[in-house]
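Reader: I have a sequence and a fold on my screen. Can we walk through it in short steps?

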Amino acid sequence: MYLETSRLIIRDWQPMQDARHALDIYGNEQVTRWLANAEPEKSIHDVQGRLQRYVSRTTTGGTGIWAVVEKAIDHIVGTLLLVPLPDREGVPTDDIEIGWHFRPASWGYGYATEAAQCIIQYGFEEMNLPMIYAVTLPDNTRSIAVMTRLGMQPVG
């Protein structure tokens with residue numbers, strides 16, 4: 001995967017090369033507190049494992065989990081995902097979920113909205129998806145604000 005916006009590049013993760021930047025995301029409790037069953041990563045090795053799992057979820061059908069790079073500084077600032085939404089037992093369904101994880105230093109700049117708009121367009125135009133869902137906890141006001149900016153509607 002390789003997509004560009006005016007400020008961002010969305011590309012495949014490279015676990016060995018990207019782990020130090022990814023630690024800024026997944027080593028931070030402000031980020032991981034919103035992720036299911038996730039504690040902050042404590043080492044580069046642990047982050048490499050996470051990134052390898054992300055790479056393994058990229059499919060020929062177009063879904064996956066990708067790095068978001070800020071062009072101006074050539075630095076990974078976040079993660080964007082477009083993956084099958086699991087059911088209550090954790091089994092993937094045919095419904096597709098969008099999500100984002102950004103390092104706190106990059107919050108407030110509109111990167112999540114910009115990257116998500118790009119992936120939503122990709123999902124509808126390239127993958128011909130009928131619907132894209134986003135899931136968050138009720139008190140994750142930052143993600144809810146992104147969803148609102150994207151024009152998403154709550155469905156419960």
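What follows is a run of questions and answers on this predicted model.

Reader: In what order do the strands of the open sheet lie?
Author: The sheet is open and has 6 strands, with mixed pairing. Its edge strands are β1 (2–4) and β6, each of which pairs on one side only. Read across the sheet, the order is β1-β2-β3-β4-β5-β6.

Reader: How many bridges join β4 to strand β5?
Author: Strand β3 (residues 64–70) runs antiparallel to β4, and 7 bridges join them. Strand β5 (residues 92–102) also runs antiparallel to β4. The number of bridges between β4 and β5 is 8.

Reader: Which residue of β5 is the bridge partner of Leu82?
Author: Ala67 has Thr79 in β4 as its bridge partner. Val83 stands opposite Glu97 in β5. For Leu82, the partner in β5 is Ile98.

Reader: Why is strand β4 described as largely enclosed by the rest of the structure?
Author: Burial means a relative accessible area under 20%. Strand β4 covers residues 75–86, 12 residues in total. β4 is largely enclosed because the number of its residues that are buried is 10.

Reader: Which residue in the turn between β4 and β5 has a positive phi?
Author: β4 and β5 form a hairpin, with 5 residues between them. One turn residue has a positive phi of about 90 degrees. That residue is Gly90.

Reader: What phi does Asp74 take, and is Asp74 buried or exposed?
Author: Most residues other than glycine have a negative phi. Asp74 sits in the loop between β3 and β4, a hairpin with 4 residues between the strands. Its phi is positive, near 45 degrees, and Asp74 is not a glycine. At 62% relative accessibility, over the 50% cut-off, Asp74 counts as exposed.

Reader: Where is Asn128, which has a positive phi although it is not a glycine?
Author: The phi of Asn128 is about 55 degrees. Asn128 counts as exposed, because its relative accessibility is 61%. Its place is the loop between α4 and β6.

Reader: How are the planes of Tyr26 and Tyr54 set in their aromatic pair?
Author: The whole structure holds 2 aromatic pairs. In this one the ring centres are 5.8 Å apart and the planes make an angle of 75 degrees. Planes over 60 degrees apart count as edge-to-face, so the pair of Tyr26 and Tyr54 is edge-to-face.

Reader: Why do Tyr109 and Tyr111 count as stacked?
Author: Their ring centres are 5.8 Å apart. Tyr111 is buried, with a relative accessible area of 7%. Stacking needs planes under 30 degrees apart. The pair is stacked because its planes are at 25 degrees.

Reader: What does the buried side of helix α5 pack against?
Author: The buried residues of α5 (residues 141–149) are Ser143, Val146 and Met147. They cover an arc of only 100 degrees around the axis, so they are on the same side of α5. The face turned away carries the exposed residues Thr141, Thr148 and Arg149. The buried residues pack against β5, α4 (111–125) and β6 (133–134).

Reader: What does Ile119 contact, leaving aside its neighbours within four places in sequence?
Author: Ile119 is in helix α4. It counts as buried, because its relative accessibility is 0%. The contacts of Ile119 are Met1, Leu3, Ile10, Trp66, Leu80, Leu82 and Ile98.

Reader: Which residues are closest to the centre of the largest pocket?
Author: The largest pocket has a volume of about 1,400 Å³. Elements that give two or more residues to its lining are α2 (29–32), α3, β4, β5, α4 and α5. The lining has 47 residues. Closest to the centre are Trp34, Leu35, Trp100, His101 and Val135.

Technical notes. Residues are numbered from 1 along each chain as its sequence is written. This is a predicted model: local features need pLDDT of at least 70, side-chain atom pairs count only at pLDDT 80 or more; totals for chains, interfaces and linings use all residues. Side-chain values use heavy atoms; hydrogens and water are left out. Rings of Phe, Tyr and Trp (its six-membered ring) pair if their centres lie within 6.5 Å; planes under 30 degrees apart count as stacked, over 60 as edge-to-face and the rest as tilted. Buried means under 20% relative accessible area, exposed over 50%, partly exposed in between (1.4 Å probe, protein chains only). Two strands pair if DSSP finds at least two bridges between them. The arc is that of the directions from the helix axis to the C-beta atoms. Contact means heavy atoms within 4.5 Å. On a 1 Å grid over the protein atoms alone, a cavity is a set of points where a 1.4 Å probe fits but cannot get out, and a pocket is an open set with protein on both sides within 12 Å along at least five of seven lines; lining residues have an atom within 4 Å of a point. Grid points are joined across faces, edges and corners, and a volume is the space filled by probe spheres set on the points.
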